[in-house]
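Okay everyone, thanks for coming.

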Amino acid sequence: MALAPKARPPAPPTLNEVFEAEQQLVGLILAEPTIYGRIAAILRDDDWTENLHRGVFEAAGRLAREGRPIRLEAVLPHVSDVAPDGGPADLYLAALAAKVPAPARAEPLAHRLAEAAHARTGPDHLDRDLYAWAYEQAQALRRGQFTALDALNLAEEIEDLGGEIYNRMESALRITLMHLLKWDHQPEKRTRSWHLSIRNGRLDAEDVLGRHPSLQRRLPGALAKAYRRARIDAAGETGLDEDLFPAECPYSFEAIMTRPVPWPPESGES
């Protein structure tokens, strides 16, 4: 008697399938907020592969725990201002919310993402030698062996690299802003160290923007985030009340990068 052929396990979802599933789930969360709980019962924050999509899921969870409605306008302050395609996040997310699958698709889509996450972060992933893995992926790319690529993890590593570059720019702006606030609010305590910190922060920001000019479009969001932290840091270092510093950044980007901060102080300055 012939044996029945052994069933093959289902193929893991492709990178594009995972991305599209995330888009549909994000649209459902924003368009049908009551669905969030059904999705959250299946997925964790780390199961998402795209930063903006993950940010929406995390922000929705925060709003749900606080008993606040999950709306696009409530989510936007807590997520990246840039969409995966490089455009504005608000327009991208509004488009996802305007075109969603049937609510009954929420659980199947969430299970699909959970399965992909398990395959991506299972024991083999945790034990991997990152150096050897990166070398193998580079070799496969050079040889055009695309079926050998670990596409989901490769995409995450590339995205993380881009995130590190963005963080360097934001950090340089934060340091510059913190010292400008100190410079303006405690003129009697100005030091050469503050002057040099402003100069070095400007050079670091110039270097990142010079090498990665596409970051220019992310400057408004980066400045807002950098200033929020700079304000806290300046209050801590000066001992002044945080409320003494403007709630919104008082400097234009040009002023941040070029306003004179003379040292030694010019005549008439303390």
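Some housekeeping. This is a predicted model, where local features need pLDDT of at least 70 and side-chain atom pairs count only at pLDDT 80 or more, while totals for chains, interfaces and linings use all residues. Residues are numbered from 1 along each chain as its sequence is written, and side-chain values use heavy atoms, with hydrogens and water left out.

How many salt bridges does the structure hold? There are 12.

Take Glu107 and Arg38, whose closest N and O atoms are 2.8 Å apart. Glu107 sits in helix H6 (residues 106–121) and Arg38 in helix H2 (residues 36–40), so this pair ties together parts 69 residues apart in sequence. When I say helix, I mean a DSSP run of H or I with at least four residues, numbered from the N terminus.

How open are these two? Glu107 is partly exposed at 26%, and Arg38 is partly exposed at 33%.

Next up, Asp81 and Arg218, with closest N and O atoms 3.8 Å apart. Asp81 is in the loop between helix H4 (72–75) and helix H5 (89–98), and Arg218 is in the loop between helix H10 (192–211) and helix H11 (219–238), so the pair links parts 137 residues apart in sequence. Asp81 is partly exposed at 29%, but Arg218 counts as buried at 18%.

One more pair: Glu237 and Lys182, at 2.6 Å between the closest N and O atoms. Glu237 lies in H11 and Lys182 in helix H9 (residues 151–185), so they tie together parts 55 residues apart in sequence. Is each of them buried or exposed? Glu237 is exposed at 51%, and Lys182 is buried at 4%. There's also a salt-bridge network linking Glu17, Arg112 and Glu115.

Now helix H3, residues 51–65. The expected span of a helix is 1.5 Å times one less than its number of residues. For the 15 residues of H3 that should be 21 Å, and the end C-alpha atoms are 21 Å apart, which agrees. Buried residues in H3 include Leu52, His53 and Phe57. What do the buried residues of H3 pack against? Helix H1 (15–31), H2, H4 and H5.

On to the largest pocket. On a 1 Å grid over the protein atoms alone, a pocket is an open set of points where a 1.4 Å probe fits, with protein on both sides within 12 Å along at least five of seven lines; lining residues have an atom within 4 Å of a point. Of its 30 lining residues, the closest to the centre are Asn51, Ser80, Gly163, Tyr166 and our friend Arg218. H9 gives the most to the lining, with 7 residues.

Last stop, Pro84, in the loop between H4 and H5. Pro84 is partly exposed at 33%. Leaving aside neighbours within four places in sequence, Pro84 is in contact (heavy atoms within 4.5 Å) with Phe19, Glu50, Leu52, His53 and Tyr92. Pro84 and Lys182 are 98 residues apart in sequence and 36 Å apart in space, C-alpha to C-alpha.

How values were computed: A salt bridge is a side-chain nitrogen of Lys or Arg within 4 Å of a carboxyl oxygen of Asp or Glu. Helices (H or I, at least four residues) and strands (E, at least two) are DSSP runs, numbered from the N terminus. Buried means under 20% relative accessible area, exposed over 50%, partly exposed in between (1.4 Å probe, protein chains only).
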